Amino acid sequence: DWTMAEFRAAKIAEIRAQVGDGKVICGLSGGVDSAVAAVLIHEAIGDQLTCVFVDHGLMRLGEAEQVVSLFREHYGIPLVHVDAEAQFLGGLAGLTDPEAKRKFIGGAFIELFEAEAKKIGGADFLAQGTLYPDVIESVSFTGGPSVTIKSHHNVGGLPERMNMQLVEPLRELFKDEVRVLGKELGLPDAFVGRHPFPGPGLAIRIPGEVTKERCDILRKADFIYLDEIRRAGLYDAIWQAFAVLLPVRTVGVMGDHRTYDNVCALRAVTSTDGMTADIYPFDAAFLARCATRIVNEVQGINRVVYDYTSKPPGTIEWE
Ligand code: XMP
């Protein structure tokens, strides 16, 4: 039978054969997939690989710093850190349509990558942590007609424009297999076990217009929610949990004051591959604790709701 150790060795040979003495550029998103792909490719070809972390300012609290330190300090893998918050937030200003937001973000990534590739004298290959479900969902929805549900910015588009070949060593794998491979490659358990995080980041968790102020509000709420989940020992039982900042304000009362502030939705699902999902059945006291903390500690939110929709018919992300 096919063990991960064998998969690792086979992929390393495959990457070497594909790449030869060419140069590879790899985009890190902060997620497990691109990190595992990068570490595997680094093991295969060493410093022929350049990793680029495009920090779009749409990461969670402290996340950008964690990614940079993991790669530079823990692995000694050279990493270009591009601070592009102003560019992304500038371009997102005024955009409210979910696909328009995704398309802008995908396009901005291409431009930043092109610029970074030029700086290293051009790259022959583009590496991505694309998984099997990413491939399927960007083409058609399982069993249904061929419709794009969401444009995943890490699939397609990039290589044609950049005149590079793709290196996608995880293309046949599901998430649980990527985690096994990550452990095999020596990535820390806490990193390998991280919940998935979408390439477009918080932009697709802020329905409506994305602003720096709304990102900051969402980061605080999300941090509290995940903190409560960790304290309750539930993190590893959940596939993905996150907060969403809704473009709706409602009336509330704090002390003897009327408030008129944003609604925050909490989402948590179980899944094995992200293609279908069930809601996580928190007990009521847990959700009440999260709601109380978020309303008390986050200025700008005065109401918290829990999303009870499975996938299908909902998707995991709200956009
Ligand atoms: P949906 O919302 O389609 O999400 O049910 C399924 C899984 O995919 C993640 N997701 C993305 N991952 N780029 C990514 O790398 C994307 O554009 C993207 N959109 C959604 C989502 O977080 C969930 O795990």
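Good morning. One definition is needed at the outset: a helix is a DSSP run of type H or I with at least four residues, a strand is a run of type E with at least two, and both are numbered from the N terminus. Please also keep in mind that the structure above is a predicted model.

The peptide bond leading from lysine 311 into proline 312 is cis, with an omega near -15 degrees. Proline 313 is likewise found in the segment after β9. The bond that joins proline 312 to proline 313 is also a cis peptide bond, and its omega is about 10 degrees.

Let me turn to the packing of helices. Two packed helices are described by the angle between their axes and by the distance between those axes.

Consider α4, residues 85–92, and α5, residues 98–119. Their axes come within 10 Å and cross at roughly 150 degrees. How are these two helices oriented relative to each other, roughly parallel or roughly antiparallel? Angles over 145 degrees count as roughly antiparallel, and α4 and α5 are therefore roughly antiparallel to each other. Their crossing is right-handed. On the α4 side the residues in contact are Gln87, Phe88, Gly91 and Leu92, and they meet Lys101, Phe104, Ile105 and Ala108 of α5. Sorted by class, this contact has five nonpolar residues, two polar residues and one charged residue.

The second pair is α10, residues 212–231, with α11, residues 284–297. These helices pack at an angle of about 150 degrees, and their axes are 10 Å apart. Here too the crossing is right-handed. From α10, the residues Ala221, Ile224, Tyr225 and Glu228 meet Arg289, Cys290, Arg293, Ile294 and Glu297 from α11. By class, there are five nonpolar residues, no polar ones and four charged ones in this contact.

Met4, Ala5, Phe7 and Arg8 of α1 meet Val180, Leu181 and Glu184 of α8. The contact of α1 with α8 has five nonpolar, no polar and two charged residues.

I now move to the interior. In soluble globular proteins, nonpolar side chains tend to be buried together. In this model, the largest nonpolar core has 76 residues, and Val24, Cys26, Val36, Ala38, Ile41 and Ala221 are the members that touch the most other members. Which helix supplies the largest share of this core? Helix α2, residues 32–45, does, with ten residues. As for cysteine 26, if its neighbours within four places in sequence are set aside, its contacts are Ala37, Ala38, Ile41, Leu49, Cys51, Val52 and Ala127.

Leucine 226 lies in helix α10. A residue is buried if 20 or more other C-beta atoms lie within 10 Å of its own. Leucine 226 has 20 such neighbours, and so counts as buried. Leucine 226 and arginine 72 are 154 residues apart in sequence, and their C-alpha atoms are 26 Å apart in space.

Leucine 287 lies in helix α11. Leucine 287 counts as partly exposed because it has 17 C-beta neighbours inside 10 Å. Leaving out residues up to four places away in sequence, leucine 287 touches Phe282 and Tyr306. The C-alpha atoms of leucine 287 and tyrosine 225 are 9.1 Å apart, although 62 residues separate the two along the chain.

Tyrosine 235 is in the loop between α10 and β6. Tyrosine 235 is partly exposed, with 15 other C-beta atoms within 10 Å. Tyrosine 235 and histidine 195 are 40 residues apart in sequence, and 8.4 Å apart from C-alpha to C-alpha.

Thank you for your attention.

Technical notes. Residues numbered from 1 in each chain as written. Predicted model: local features only at pLDDT ≥ 70, side-chain atom pairs only at ≥ 80, totals over all residues. Axes fitted to C-alpha atoms, helices over the stretch in contact; angles between N-to-C directions. Parallel < 35°, antiparallel > 145°, perpendicular 65-115°, else oblique. Left-handed = near helix turned anticlockwise from the far one by under 90°. Contact = placed C-beta atoms within 7 Å. Nonpolar A, V, L, I, M, F, W, Y, C, P; charged D, E, K, R; others polar. Core = buried A, V, L, I, M, F, W, Y, C linked by C-beta atoms within 7 Å. Buried ≥ 20, exposed ≤ 12 C-beta atoms within 10 Å, placed from the backbone.
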